[in-house]
Amino acid sequence: PDDPSPHSADCALERFLAAVGGKDVKHAAARLQATAKWRLEHRPWEWTCEYCVDEPGFHTFRQVGFDRQARPVVYSCLAQATRQNYTAKCAV
């Protein structure tokens, strides 16, 4: 209920249906239900990246707006990265 999930719209079922070849509605619905369950258990909308908090711009991703379906549009430019040398821990 408090999940700001993009999976609640009809277009989500269409995407899941397309991912399974467009014919198997039961399989698409099962995958969508599994995704919704995972989101409610793990609450990814509440996650915070310690690197981004400590060093804004660390990953070079910027949300610049929304598309016509209200999905976030993200811009990334490695030339704008605040760090030029990354470690394996940075990629996690």
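How are α1 and α2 oriented to each other?

**Entry 1: the helix pair.** I began with this question, working on a predicted model. I looked up the two axes and found that helix α1, residues 10-19, and helix α2, residues 25-42, come within 8 Å of each other. Their axes cross at roughly 120°. Angles of 65 to 115 degrees count as roughly perpendicular and those over 145 as roughly antiparallel. The α1 and α2 helices are therefore oblique to each other. I also noted the hand of the crossing of α1 and α2, which is right-handed.

**Entry 2: who meets whom.** Next I listed the residues where the two helices touch. From α1 I wrote down Ala12, Leu13, Phe16, Leu17 and Ala19. On the α2 side they meet Val25, Ala28, Ala29, Arg31, Leu32 and Thr35. I then sorted the contact of α1 with α2 by class and got 9 nonpolar, 1 polar and 1 charged residues.

**Entry 3: the whole chain.** I stepped back to the overall make-up. The protein has 3 helices and 2 strands. Along the sequence I read the pattern α-α-α-β-β. What share of the 92 residues counts as buried? I found 17%. For the accessible surface of the protein I noted about 7,200 Å², with 57% of this belonging to carbon and sulfur atoms. I also checked contacts between residues at least 6 apart in sequence, and 34% of these join residues at least 24 apart.

**Entry 4: Tyr75.** I went to strand β2, residues 72-76, where Tyr75 has its place. The relative accessibility of Tyr75 is 40%. Buried means under 20% and exposed means over 50%, so Tyr75 counts as partly exposed. I then looked at Val64, which is 11 residues from Tyr75 along the chain. The C-alpha atoms of Tyr75 and Val64 are separated by 6.5 Å.

**Entry 5: Ala79.** I moved on to the segment after β2, which holds Ala79. Is Ala79 buried or exposed? With 69% relative accessibility, Ala79 counts as exposed, because the cut-off for exposed is over 50%.

Methods:
Residues numbered from 1 in each chain as written. Predicted model: local features only at pLDDT ≥ 70, side-chain atom pairs only at ≥ 80, totals over all residues. Heavy atoms only, no water. Helix = DSSP H or I, 4+ residues; strand = E, 2+ residues; numbered from the N terminus. Buried < 20%, exposed > 50% of the residue type's maximum accessible area, 1.4 Å probe, protein only. Contact = heavy atoms within 4.5 Å. Areas by Shrake-Rupley, 256 points an atom, 1.4 Å probe, with all protein chains shown as cover. Axes fitted to C-alpha atoms, helices over the stretch in contact; angles between N-to-C directions. Parallel < 35°, antiparallel > 145°, perpendicular 65-115°, else oblique. Left-handed = near helix turned anticlockwise from the far one by under 90°. Nonpolar A, V, L, I, M, F, W, Y, C, P; charged D, E, K, R; others polar.
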